[in-house]
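User: Please take a close look at the side of one chain that touches the other. I would like one connected account in plain terms.

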Amino acid sequence: MDRALLKLERISKQFPGVNALDNVSLQIAPGEIHGLLGENGAGKSTLIKIMSGAYQPDSGTIELDGQRVHLTNPHRAQALGIVTIYQEFNLVPSLTVAENVFIGREPGQRGFVDWAALRRETLSITDRLGIHLNPMARVRNLSVAEQQMVEIARALSMRSRIIIMDEPTSALSGHEVQQLFKIVRDLKTQGLGIIFVTHRLEEVHEICERITVLRDGRNAGTENVTDLSTADIIRMMVGRSMDELFHRSAVHEFGDIALEVRNLSRQGSARDPNATLLHNISFTVRRGEILGIAGLAGAGRTELARAIFGADAFDSGMIIIGDKVTRIRSPQQAIQHGIGLVPEDRKQQALFLALAVRQNLSIASLASIAQWGVFVNEKAEMSLVERFRDALNIRMASPEQKILNLSGGNQQKVVLARWLALQPKVLIVDEPTRGIDVAAKAEVHQLLDKMARSGIAVIMISSELPEIMGMSDRILTMREGKLTGEVLRADANEEKLMQLMTLSAKDAVA
Amino acid sequence: MNQAQADAPLLSRQVYGASLISILSRFAPVIFLVILMIVFAIIEPNFLRVNNLLQVARQVSITGLIAIGMTFVILTGGIDLSVGSLLALAGMTAAVVAKGGTANTLSLGATESTGYGVLAAILAAIAVGVIGGFIQGTLITRLGVPAFVVTLGGLSAFRGATLLLSGGGPIAGFDDTYKWWGQARLPEPEGIPVPVIIFLGFALLAHIVLRYTRYGRQIYAVGGNPEAARLSGLNVKLILLSVYVIVGFFAGLGGFVLSSRLGASEAVAGTGYELTVIASVVIGGTSLFGGEGSVLGTLIGSILIGVLTNGLVLMNVSPYVQQIIIGLITVLAVGFDRFVKSRRSI
């Protein structure tokens with residue numbers, strides 16, 4: 001490589017308890033399309049945020065054109081020509097294309113917008129991109145692909161030199177992807193550096209020249225794409241370390257089928273084009289079994305869990321519990337059918353931060369500890385809390401302590417206890433060990449194992465392959481809202497799973 | 001060394017650190033009330049006379065009654081701006097039922113009526129409040145219109161309905177059984193005013209509901225984190241609907257009590273009450289963001305506003321300045337709430 005446009009040297013970034021990036025280096029040449037790959041949690045997002053000025057690295061240097069730069073905030077990064085297009089667009093739907101392209105930088109004088117100039121300059125950029133967009137169209141009326149074009153137009157309008165695209169193809173159809181690739185190649189010939197983040201490995205060979213793979217916050221290598229096979233890339237991505245991992249001992253005998261999902265589908269709606277769809281999903285899970293669901297972000301795992309639990313509606317398909325077809329339309333009904341859900345985002349979806357441990361633990365089972373169904377029996381409530389405090393080893397000062405002041409691991413145990421108190425038949429746990437320390441992780445794993453042994457059917461969604469492989473009796477893989485594979489515990493290895501998670505069915509076979 | 005030991009110092013620091021601030025924030029309204037009363041007592045010795053204090057209590061009893069219901073609403077993160085208008089509509093309805101129509105007002109003697117009696121009047125007032133609350137709650141939970149907008153509409157619509165019903169003028173001239181609820185004292189003649197007893201009785205009941213029942217617990221949960229509440233199997237929409245019915249109940253009851261106390265129902269009754277009511281709840285420490293607060297706080301907040309007004313009157317401060325002071329204190333109370341929250345999130 002002759003000359004680096006952007007050069008990141010030994011970047012490290014720590015968050016409390018997590019080493020997000022550890023000595024990561026990355027170089028982009030002008031006119032290069034550089035792929036950035038890695039599993040969920042490998043550090044891609046953190047690296048993007050550092051390049052876009054949203055985070056500051058703890059150590060390491062960033063050079064632009066051989067000059068050391070400090071990207072102290074997103075505005076500074078943009079001023080230097082580094083523009084990030086996030087997966088969730090930063091557009092104002094109620095404004096026009098032109099206004100969005102030049103938002104905050106509208107041409108004009110003394111506070112008045114020069115609409116003619118705004119229109120003209122927007123057109124000159126869309127011409128340069130070779131796309132047709134009415135500058136006066138409202139963004140809310142555009143398709144996802146067109147909205148993405150607006151984002152790219154905005155990036156160009158800032159005279160950007162580096163464009164970081166975070167999973168730009170995830171919401172696009174095949175035809176739209178090709179159009180995007182054409183534009184990206186055009187930008188390349190204009191000398192821009194493109195950083196292209198994707199989960200779709202088949203795209204890597206099509207669009208990228210070089211790739212950098214991150215793993216566990218470290219460089220797992222930078223290679224020319226032509227030197228790599230898809231299998232090589234997968235090998236670079238997998239193999240995340242995970243300390244003190246609990247391994248569930250093999251179980252061979254399971255009980256009856258606890259839950260069957262048959263042909264579950266969710267079509268998109270015009271109002272929410274970004275919604276992850278579910279296509280014709282069928283599977284069963286037996287009592288005493290831990291069924292792992294693996295997939296990368298956006299594969300539809302959480303959406304599947306929420307649909308089964310009645311938290312989101314689905315369009316067709318059925319859910320069979322025992323041997324009865326059930327109509328679950330709300331979490332309330334799911335709970336009545338013996339299903340529980342530990343959601344992926346503890347703070348937003350599970351905890352009542354203003355309340356104490358006691359209230360957080362008992363909230364779903366108040367009916368069983370209420371006198372005449374009305375008054376909360378505080379004695380019964382306390383004994384419930386004490387029972388789970390011992391059984392799950394929940395460390396707290398007292399049941400009256402605010403849950404906010406517990407560690408992540410102990411908060412998660414309280415959420416697990418909330419469901420265990422209901423004695424569920426099926427428990428869905430979505431990223432059960434996200435954001436908790438290693439020791440607590442092992443404890444949660446042991447708990448899940450114990451729950452399965454007591455006859456609960458456990459469905460575990462996780463982005464961490466070692467966790468999936470260490471805990472599951474059987475593993476389903478998902479990609480883009482479809483089930484792409486089913487792997488038994490004995491047959492599971494990381495390469496195989498990663499292949500199923502990242503490749504479309506036809507490529508995986510080939 | 002095991003994890004529990006390692007956690008111990010950290011744990012205790014968090015517990016004590018948090019509790020110092022939370023104790024301060026919890027008792028801030030009480031502390032402020034006590035200081036205020038001492039100051040007024042020094043400046044104006046008449047302030048502490050029993051009769052004056054009962055006067056204060058009677059003055060706050062109607063807005064206080066509604067503030068109890070408003071506490072439920074605000075605990076869920078909602079708001080109800082229509083209470084003053086709903087109160088007027090309920091009070092007017094009570095008068096119409098008691099008198100047997102609006103047209104009779106002039107033709108009948110001062111205390112005569114051809115109506116259906118005081119019990120029917122009370123039930124009618126409460127029914128109006130409950131139905132008004134139910135309609136608003138339904139619009140909020142089923143159509144997803146923000147509570148602020150729905151009840152702003154109610155603020156206007158209920159007032160209009162009251163004017164229509166009244167036929168333009170006030171309705172006055174009730175018999176003693178009607179006026180007993182607003183004007184009597186127990187025991188007569190120097191005892192506790194009946195409205196105060198009603199206010200305190202319902203405050204106690206509401207406190208028990210919020211503190212000790214399943215329903216009360218669910219209100220805090222829905223206000224604190226509606227998504228988590230839904231995923232925990234709570235019927236969030238029903239709970240949200242119920243709090244607007246509850247505040248409607250109190251507005252209806254308050255409408256009757258006010259009519260009884262004044263011996264007349266006027267179409268302009270309760271104008272601006274929503275501000276006093278919301279201020280009482282907020283000054284009492286209930287968070288406008290939902291999930292935190294109590295009826296006891298609202299009780300203190302109501303009394304605080306009453307004491308402040310009364311004390312300022314005794315000191316001959318202009319009513320205009322009184323309004324400025326109450327406005328300032330409301331803003332300061334919320335500012336304090338935010339300050340405590342920001343400290344805690346560190």
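Analyst: What follows covers the contact between the two chains, then one strand of chain A, then chain B as a whole. The model is predicted.

How many residues meet where chain A touches chain B? On the chain A side there are 29 residues, and they are in contact with 25 residues of chain B. Three elements of chain A each supply at least two residues to this side: helix 10 (331-336), helix 11 (346-349) and strand 20 (375-376). Helix 10 of chain A gives the most, with 3 residues. By kind, the residues on the side of chain A that touches chain B divide into 20 nonpolar, 6 polar and 3 charged.

Next comes a strand of chain A. In strand 6 (residues 82-85) of chain A, Ile82(A) and Thr84(A) point one way, while Val83(A) and Ile85(A) point the other way. Are these residues buried or exposed? Ile82(A), Val83(A), Thr84(A) and Ile85(A) are all buried. Strand 6 of chain A runs parallel to strand 9 (residues 162-166) of chain A, and 4 bridges join the two. Within this pair, Thr84(A) stands opposite Ile164(A), a residue of strand 9 of chain A.

Now for the partner chain. Chain B has 346 residues, of which 50% count as buried. Its secondary structure comprises 14 helices and 4 strands. Among the contacts in chain B with a separation of 6 or more, 79% are between residues 24 or more positions apart.

Methods
Residues are numbered from 1 along each chain as its sequence is written. Chains are lettered from A and ligands numbered from 1 in the order in which they are written. This is a predicted model: local features need pLDDT of at least 70, side-chain atom pairs count only at pLDDT 80 or more; totals for chains, interfaces and linings use all residues. A residue is buried if 20 or more other C-beta atoms lie within 10 Å of its own, exposed if 12 or fewer, and partly exposed in between; C-beta atoms are placed from the backbone. Two residues are in contact if their C-beta atoms, placed from the backbone, lie within 7 Å. Two strands pair if DSSP finds at least two bridges between them. Ala, Val, Leu, Ile, Met, Phe, Trp, Tyr, Cys and Pro count as nonpolar, Asp, Glu, Lys and Arg as charged, and the others, Gly among them, as polar.
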